[in-house]
Amino acid sequence: MSAILPLRVEEVSFSAGGRAIIERVSLELEAGLSTIILGANGAGKSVLMRLMHGLLQPTSGRVAWSGEGARRRQAMVFQRPVMLRRSAYANVVYALEVAGVPAAERKRLATAALEEVGLRQVAQRPARVLSGGEQQRLALARAWALHPEILFLDEPTANLDPGATREIETIIKAFDAAGTKIVMSTHSLGQARRLGDEVIFLHQGRVAERSPIGRFFPQPASPEAAAFVKGELPWA
Amino acid sequence: MGMILRVLLASLVCASAQAQTRFITVASTTSTEQSGLFKHLLPMFEQKTGIQVRVVALGTGQALDMGKRGDADVVFVHAKALEEKFVAEGFGVKRFEVMYNDFVLVGPRSDPAKVGGSKDIVAALQRIKAAQASFASRGDKSGTHFAELQLWKMAGIDIDKAKGPWYRDTGSGMGPTLNTAAGMNAYALADRGTWLSFKNRGELVISVEGDQRLFNQYGVILVNSAKHPHVKKDMGQAFVDWIVSPEGQAAIAAYKIGGEQLFFPNAKG
Amino acid sequence: MLDAVLSGLRLVATLDLRLWEIVGLSLAVSLSAVALATLLGLPLGAAIAVARFPGRQAVIVVLNALMGLPPVVVGLFIYLLLSRAGPLGELGLLFTPQAMVIAQTVLVLPIIAALARQSVEDAWREYEEQLRSLGADGWGGALTVLWDIRFSLLTAVLAGLGRASAEVGAVMIVGGNIDGVTRVMTTTIALETSKGDLPLALGLGIVLIAIVLALNAAAHMIKEAAQQRVR
């Protein structure tokens, strides 16, 4: 099967309730680089990722993957993990079932995924009684089991404490090392620097800047991004 | 999902087919059933012929309607004019007279219209109208209801015009109408059978009885299989034959409540 | 009134076999109808909750309104269908327990479907994005949510059971209240009332309520036990 990346976003616009949220965004995402999407609240980060992942349909323009079967080769982790009322293990198996993985394979893949994120000990506990950090790790295990080509993450650690955040970042790096392209939005510039290779800066629904991480920090090229970074770090 | 539905429907139909132990459906009236006659009579028939009789008890109008639709094999009601029309229109094969019982006028012990002890129903009705005493009517196109309307006519009263707040049209069966009459201390026309087994009498007693015009004739009719081929012609005929036979007639006469005979067999021939 | 209750209960205690036959038939008819209505109604409700199609709001309004279908009207309608003079007369189902099950299923189906629709729709708001991300949209997603919220659907099923065991209009018309064949608790109570035997009717009424109460208690305990295991 051919790779689904690069992903081409072509003149994509999205409006809802009469308001334009994304305006004529064009970009190409390649395999290999970890892409961080930055922007103020309301800039359209979440909507852009949902458009790319296929949860929303563009009002105009199109989202074009390079290969067949893009549906099954992506995964997304949301700010708040949503688990079924089953055990942690069963939640991962469910994802494999939906993806059409044969029954014989599911046990092996699910167990390996839980091992990878360090949840083997709690595999049989009901998913909903796990802590916020553990549930987010479980969401990542669910994605891991699918071995996706691209992983979208929408502010995955926004609700977590620093310890849990570190654990999540470790797992994200593992995804990257295993070859999965990372596309992540975050409010934490530190996290962006730790995990990202490039930055896409969104301002009012448009791409204001796209730079490698070394270029963006400490001083972005575009005035909008510069103002944003200053606002986040008033002492910069 | 579709598979499950088909299996369910199939077993439903199968079960219904299997449930066809030999039986016939007889449409009769609520007053006949509530008198307890069927409980007494039918086991004898069943034992003799092995045919189970399933009685659906409704108002006379509804029972005849059931016959017209072919939902019953035999109709057994007490409204001669309607029965003859039923046969004339081709829904029934032939009408046989079976038995008669009588109606009684019940009313409150206080007897506001002063009709108690009389043997003249027509005069009594005239007095009730004059006194505007409360009267509960079935108003449900039943045999009893038709009999009541006939009696008003005989009394020279156009009840449609004459009715006022004193005349209560309950639109229900004999029991509920008696319940209403007991609750309102009203007069009502009832068949003796229902009255004898009615337990919620309140202040009601028999005010008028014994008038020839209060006699109530029952007829039995086999539903015409020419109109409804599925009608159980032979088993239905067996029932009709039995009920007019000396054996059936004797069984009818033997039925008593508190030592009193309710129905008087009068089949011809 | 207390006298009536006591003498009623006493009378009921002496009725033995015939009473339990009637109780047995009542339970068989109502439980079958509820089972059938649940089988059909839960997926129906879930489907409407998740699908988007023109006229969806109208469908929801109609479904909710059907919860208030008068039993006697349903009975009349089914009677006209099953009557020999009607389209399904060939089946010979009129005046059988099967007809009663059909009528009660029609009565109960909207209740279960409408309540399930509301519950699934509320839950779908939480689950939708994640399930669609995993590729479980449409039918698969709806059934997943339905199973996930199964404990809260029990109330809908019990509402259906309450309606079925309480109604008399439908079973009276399609069953015919035939002694020994289609006579159930509610039609017996109606019959005894119309015969003026109020103590007996009251006693039977209390028995009916007690049985429904017992069923609800049992369902509740089963639900609690099962829920403990999964949370």
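Predicted model: local features only at pLDDT ≥ 70, side-chain atom pairs only at ≥ 80, totals over all residues.

User: Nice. How many helices and strands does chain C have?

Analyst: Chain C has 10 helices and zero strands. Its C-alpha atoms fill a box of roughly 65 × 50 × 25 Å along the principal axes. Of its 231 residues, 46% count as buried.

User: What about contacts in chain C, how many join residues at least 24 apart?

Analyst: Counting contacts between residues at least 6 apart in sequence, 78% join residues at least 24 apart.

User: Now the chains together. Which pair has the most contacts?

Analyst: Two pairs of chains touch, and the most contacts are between chains B and C. Chain A and chain B do not touch, as their nearest C-alpha atoms are 20 Å apart.

User: Over to chain A, then. What order do the strands of the open sheet take?

Analyst: The order is 2-1-4, with three strands in antiparallel pairing. Strand 2 (19-29) and strand 4 (60-64) are the edge strands, each pairing on one side only. From one strand to the next the twist averages 20°.

User: How many bridges join strand 1 to strand 4 there?

Analyst: Four bridges join strand 1 of chain A (residues 7-16) to strand 4 of chain A. As for who faces whom, A:Arg8 stands opposite A:Ala64 in strand 4.

User: Switching to helix 3 of chain A: why does its span agree with what it should be?

Analyst: It has 15 residues (103-117), so at 1.5 Å a residue helix 3 of chain A should span 21 Å, and its end C-alpha atoms are 22 Å apart, which agrees.

User: Which of its residues are buried?

Analyst: In helix 3 of chain A, the buried ones are A:Ala110, A:Ala113, A:Leu114 and A:Val117. Seen down the axis of helix 3 of chain A, they fall within an arc of 95°, so they line one face of the helix. An α-helix has 3.6 residues a turn, so residues three or four places apart point the same way.

User: What covers that side, and what's on the face turned away?

Analyst: The cover over the buried residues of helix 3 of chain A includes helix 2 (88-98), helix 4 (132-145) and helix 5 (162-177) of chain A. The face turned away carries the exposed residues A:Ala104, A:Glu105, A:Lys107 and A:Arg108. Just after helix 3 of chain A, A:Gly118 takes a positive phi of about 80°.

User: Last one: where is A:Ser222 found, and why is A:Ser222 classed as partly exposed?

Analyst: A:Ser222 is in the loop between helix 7 (213-216) and helix 8 (223-232) of chain A. A:Ser222 counts as partly exposed because it has 16 other C-beta atoms within 10 Å, and the buried class needs 20 or more. Not counting residues up to four places away in sequence, A:Ser222 touches A:Phe201, A:Ala208 and A:Glu209.

Notes: Residues numbered from 1 in each chain as written. Chains lettered and ligands numbered in written order. Pairing = 2+ DSSP bridges. Helix = DSSP H or I, 4+ residues; strand = E, 2+ residues; numbered from the N terminus. Axes fitted to C-alpha atoms, helices over the stretch in contact; angles between N-to-C directions. Buried ≥ 20, exposed ≤ 12 C-beta atoms within 10 Å, placed from the backbone. Contact = placed C-beta atoms within 7 Å. Expected span 1.5 Å × (residues − 1). Arc of directions from axis to C-beta.
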